[in-house]
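Please keep the sequence and the structure at hand while reading.

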Amino acid sequence: MIAGRAVLIAAALAGLFALAGRGFAQEFPTGPITFVVAFPPGGSTDVVMRAIAPKLQERLGKPVVIENRVGAGGNIAAAAIANAPPDGHTLLASASSLAANPTLIKNMPFDTLKDLQAITLLFRTPLALVVHSGMPAKSVPELIALLKQKPGEITFAHSGAGAAIFLAAELFQRMTGTKMNGVAYRGAPPALNDVIAGHVSLMFADAGSVVGHINAGRVRALGVSSTSRVPALIDRWGDLIHRAGLAKTE
């Protein structure tokens, strides 16, 4: 399975070159820093960035602003950064989908390799396969059997073509010989809300973002995308996840 989702920080490439020519270390930053987050409020990227922002503001001595620009699998936010003033003060917080988008989306308004420069990897997170609590499937084998009984009828939520949670669902279908009906949302949080409400049957979600919902019984976890246990899920769900067949014992 897909190992998970990686989130990185990127900047306009021209901006980095401009700063290097002026003596980046001595002059940066000269004003507020804006992090454009490619996902909606409440998602793992947004939560992590809002936790980092106060500490970064304290260290840099300049305001640090978080701005959410969602949609198009992160391309709206990425385009904003690619066309931002070349001063290095506007940065992108995006996911690994940034690398896949050029192969999936035609006529992109920017060139990922030429217009953007990765600065650092922020964090990685495995994905959890979760289903609505009313779904009859209690394990991955049961889910596969159900999908084969109802090809194309069961829905999965995702945040756009190229997003890790979309690619995980597509890979799952290929590996299991099943067919689901994808429903796109403007980010993982609204997608998860509809899985909880039962409007959509299942999704692959960032493990950290669904722990509370799993423990509260709002959704049922069937497995994780990583080859090892997810620490936050071990106590209550570890045995279930291992029996689901998606994680291997170390």
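The account below begins with the whole chain, turns to the sheet and the cores, and ends with salt bridges and single residues.

**The chain as a whole**

The model is a predicted one, and its chain contains 11 helices and 10 strands. Of the 250 residues in the chain, 50% count as buried, while the accessible surface comes to about 11900 Å², of which 55% belongs to carbon and sulfur atoms. Among the contacts in the chain with a separation of 6 or more, 74% are accounted for by residues 24 or more positions apart.

**The five-stranded sheet**

Five strands make up an open sheet with mixed pairing, and their order across the sheet is S3-S2-S4-S1-S5. Strand S3 (64-68) and strand S5 (116-125) are the edge strands, each of them pairing on one side only. On average, and with direction ignored, neighbouring strands of this sheet are turned by 25° against each other.

The pairings can be followed strand by strand. S2, which spans residues 33-37, pairs with S3 in the parallel sense over five bridges, and within that pairing Val37 has Asn68 in S3 as its bridge partner. S2 also pairs with S4 in the parallel sense, here over four bridges, and the bridge partner of Phe35 in S4 is Leu91. S1 and S4, by contrast, run antiparallel and are joined by five bridges, with Val7 having Ala95 in S4 as its bridge partner.

| Strands | Sense | Bridges | Source |
|---|---|---|---|
| S2 and S3 | parallel | five bridges | DSSP pairing |
| S2 and S4 | parallel | four bridges | DSSP pairing |
| S1 and S4 | antiparallel | five bridges | DSSP pairing |

How covered is S4? Five of the six residues of S4 are buried, and the strand is thus mostly covered. Helix H3 (residues 44-60) lies across strand S1 (5-12), S2, S3, strand S4 (90-95) and S5, and runs at about 160° to S3.

**The nonpolar cores**

The largest nonpolar core has 39 residues, of which Leu129, Val130, Leu143, Phe172, Leu202, Met203 and Phe204 touch the most other members. The elements that give two or more residues to this core include strand S6 (127-132), helix H7 (140-149), helix H8 (164-176) and strand S9 (202-206), and also strand S7 (155-158), helix H9 (188-197), helix H10 (207-215) and strand S10 (219-224). Apart from this core lies another one, of 28 residues, and Ala53, Ile66, Leu92 and Phe110 are among them.

**Salt bridges**

Side chains of opposite charge can pair when their charged atoms come close. The structure holds two salt bridges.

One of them joins Arg50 and Asp46, whose closest N and O atoms are 2.8 Å apart. The two residues are separated by about one helical turn, because they stand four residues apart in helix H3. Arg50 has a relative accessibility of 40% and therefore counts as partly exposed, whereas Asp46 is buried, with a relative accessible area of 3%.

The other salt bridge is formed by Glu67 and Arg69, with the closest N and O atoms 2.5 Å apart. Glu67 is partly exposed, its relative accessible area being 29%, and Arg69 is likewise partly exposed, at a relative accessible area of 34%.

**Two single residues**

Where does Asn75 sit, and is it buried or exposed? Asn75 has its place in helix H4 (residues 75-82), and with a relative accessible area of 6% it is buried, because buried means under 20%. Once its neighbours within four places in sequence are left aside, Asn75 is in contact with Asn101, Ile105, Met108 and Phe110.

Leu146 lies in helix H7 and counts as buried at 11% relative accessibility. Not counting residues up to four places away in sequence, Leu146 touches Met135, Pro136 and Ile154. With one of these, Met135, the separation is 11 residues in sequence and 9.9 Å in space, taken from C-alpha to C-alpha.

Terms used:
Residues numbered from 1 in each chain as written. Predicted model: local features only at pLDDT ≥ 70, side-chain atom pairs only at ≥ 80, totals over all residues. Heavy atoms only, no water. Core = buried A, V, L, I, M, F, W, Y, C linked by side-chain atoms within 4.5 Å. Buried < 20%, exposed > 50% of the residue type's maximum accessible area, 1.4 Å probe, protein only. Pairing = 2+ DSSP bridges. Axes fitted to C-alpha atoms, helices over the stretch in contact; angles between N-to-C directions. Contact = heavy atoms within 4.5 Å. Areas by Shrake-Rupley, 256 points an atom, 1.4 Å probe, with all protein chains shown as cover. Salt bridge = Lys/Arg side-chain N within 4 Å of Asp/Glu carboxyl O.
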